[in-house]
Amino acid sequence: MTADPLAFSPEMEVLKAVHLLLEHRLSGAPVVDGDGRLLGFFSEKDGLKVALNASYYEQPGGPVGQYMTREVLTLTASSSMADAIELFVAHHYRCYPILDGGRLVGQLCRRDALMALEKLW
């Protein structure tokens, strides 16, 4: 788990968010309000929607909140690694925000789960 995950505000300029994903080599990051409550998730796929919008309608950019995915599957701080792996296997998502009391406390990516498993071998 990444305990201090990259997170975006819904007002952040989407092109800056894309730059940060690339800079941090992440496939996505949570979108949170000022209190750390999860509002959505902005992924590489959402970034590609921005690119299509720019090419079709000549409208590059806008706020992250305009492009983010609003329905997000999450894990809780008490979720087991088996719970997380079941989600990874059942769904196509690469990362899941981890919430504690409704607030973002971390993010778990497929790579994190594989690294945890490797330590057990």
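My entries follow, from the whole chain down to single residues.

**Ground rules**

I am working with a predicted model, where local features need pLDDT of at least 70 and side-chain atom pairs count only at pLDDT 80 or more, while totals for chains, interfaces and linings use all residues. Residues are numbered from 1 along each chain as its sequence is written, and side-chain values use heavy atoms, with hydrogens and water left out.

**Whole chain**

I looked up the secondary structure and got five helices and five strands. Here helices (H or I, at least four residues) and strands (E, at least two) are DSSP runs, numbered from the N terminus. Read from the N terminus, the elements go α-β-β-α-α-β-α-β-β-α.

Next I checked the radius of gyration, taken over C-alpha atoms, against the globule rule, which is 2.2 Å times the number of residues to the power 0.38. The chain has 15 Å, close to the 14 Å the rule gives for 121 residues, so it is as compact as a globular protein of that length. Along its principal axes, the C-alpha trace spans about 50 × 30 × 25 Å.

For burial I used relative accessible area: buried is under 20%, exposed is over 50%, and partly exposed is in between (1.4 Å probe, protein chains only). Buried residues account for 38% of the 121 residues. I also noted that, among contacts (heavy atoms within 4.5 Å) between residues at least 6 apart in sequence, 49% join residues at least 24 apart.

**The sheet**

Which strands make up the open sheet, and in what order? I found three strands in the order 3-4-5, with mixed pairing; two strands pair if DSSP finds at least two bridges between them. Strand 3 (75–76) and strand 5 (103–109) are the edges, each pairing on one side only. Helix 4 (residues 81–90) packs on this sheet and touches strand 3, strand 4 and strand 5. The direction of helix 4 makes about 65° with that of strand 5; axes are lines fitted to C-alpha atoms, for helices over the stretch in contact, and angles run from 0 to 180 degrees between N-to-C directions.

I then followed strand 4 (residues 95–100), which pairs with strand 5 in the antiparallel sense over six bridges. Pro97 has Gln107 in strand 5 as its bridge partner.

**The disulfide**

How many disulfides are there? I count one, taking a disulfide as a pair of cysteine sulfur atoms within 2.5 Å. Cys95 and Cys109 form it, with their sulfur atoms 2.3 Å apart. Cys95 sits in strand 4 and Cys109 in strand 5, so the pair ties together parts that are 14 residues apart in sequence. The torsion about their S-S bond is about 95°, so the disulfide is right-handed. I checked burial too: both Cys95 and Cys109 are buried.

**The cores**

A nonpolar core is a set of buried Ala, Val, Leu, Ile, Met, Phe, Trp, Tyr and Cys residues joined through side-chain atoms within 4.5 Å. The largest one has 14 residues, and Phe8, Phe42 and Val64 have the most contacts inside it. Helix 1 (14–24), strand 1 (28–32) and helix 3 (64–67) each give two or more residues to this core. Helix 1 supplies the largest share, four residues. Another core, of eight residues, lies apart from it and includes Leu75, Leu87, Tyr96 and Ala113.

I went back to Phe8 and skipped its neighbours within four places in sequence: its contacts include Ala17, Leu20, Leu21, Phe42 and Val64.

**Loops and a helix residue**

Not counting residues up to four places away in sequence, Ser27 touches Ser43, Glu44, Arg94 and Cys95.

Arg25 is placed in the loop between helix 1 and strand 1 and counts as exposed at 77% relative accessibility.

Gly34, in the loop between strand 1 and strand 2 (38–43), is exposed at 84%. Its C-alpha is 9.9 Å from that of Pro10, 24 residues apart along the chain.

My last stop was Ala51 in helix 2 (residues 44–57), which is partly exposed at 45%.
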